[in-house]
Amino acid sequence: MAPTSKDKPPWKRPNPKKKAGTQKTLTDSQKARAREAARKAGRPYPNLIDNMRVAAGRKSKSRDG
């Protein structure tokens, strides 16, 4: 059984088919959250996964309880 695109990591998936007006950019607050996630992980700048997580609107669980 051949793996589907969901089974592959994002960097190995083909680019999605583009539709007019569907490209979205991160807001300044989303960029700041991605930068913070990268900093916590010890990276100097956000990677694809940081950006995807922020764009999807996922919120990390608080460690405070």
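The following paragraphs go through the structure from the whole chain to single residues.

This is a predicted model, in which local features need pLDDT of at least 70 and side-chain atom pairs count only at pLDDT 80 or more, while totals for chains, interfaces and linings use all residues. Residues are numbered from 1 along each chain as its sequence is written, and side-chain values use heavy atoms, with hydrogens and water left out.

The protein chain has two helices and zero strands. Helices (H or I, at least four residues) and strands (E, at least two) are DSSP runs, numbered from the N terminus. Of the 65 residues in the protein chain, 8% are buried. Buried means under 20% relative accessible area, exposed means over 50%, and partly exposed lies in between (1.4 Å probe, protein chains only). The chain exposes about 6,400 Å², and carbon and sulfur atoms supply 52% of that area. Accessible areas come from the Shrake-Rupley method with a 1.4 Å probe; for residues, only the protein chains shown count as cover.

Helix 1 covers residues 28–40. At 1.5 Å a residue, its 13 residues should span 18 Å, and the end C-alpha atoms are 18 Å apart, which agrees. The expected span is 1.5 Å times one less than the number of residues. Which residues of helix 1 are buried? They are Gln30, Ala34 and Ala38. These residues cover an arc of only 80° around the axis, which puts them on the same side of helix 1. The arc is that of the directions from the helix axis to the C-beta atoms. An α-helix has 3.6 residues a turn, so residues three or four places apart point the same way. The buried residues of helix 1 pack against helix 2 (48–56). On the face turned away from the buried side, helix 1 carries the exposed residues Asp28, Arg39 and Lys40. After helix 1 comes Gly42, with a positive phi near 85°.

Gln30 can be looked at on its own. It counts as buried because its relative accessibility is 17%. Leaving aside neighbours within four places in sequence, Gln30 is in contact (heavy atoms within 4.5 Å) with Thr25, Val54 and Ala55. The side chain of Gln30 also reaches the backbone nitrogen of Thr27 at 2.8 Å. A polar contact is a pair of N or O atoms within 3.5 Å; within protein, one must be able to donate a hydrogen and the other to accept it, and residues adjacent in sequence count only if both atoms are side-chain atoms. In the segment before helix 1 lies Arg13, whose side chain reaches the backbone oxygen of Lys8 at 3.1 Å. Arg13 is partly exposed, at 30% relative accessibility.

Charged side chains come next. Side chains of opposite charge can pair when their charged atoms come close. How many salt bridges does the structure hold? There are two, a salt bridge being a side-chain nitrogen of Lys or Arg within 4 Å of a carboxyl oxygen of Asp or Glu. One joins Glu36 and Arg39, with the closest N and O atoms 2.6 Å apart. Both residues lie in helix 1, three residues apart, about one turn of the helix. Glu36 is partly exposed, with a relative accessible area of 33%, whereas Arg39 is exposed at 52%. Another joins Arg43 and Asp50, where the closest N and O atoms are 2.5 Å apart. Arg43 is partly exposed, with a relative accessible area of 29%, whereas Asp50 is buried at 5%.
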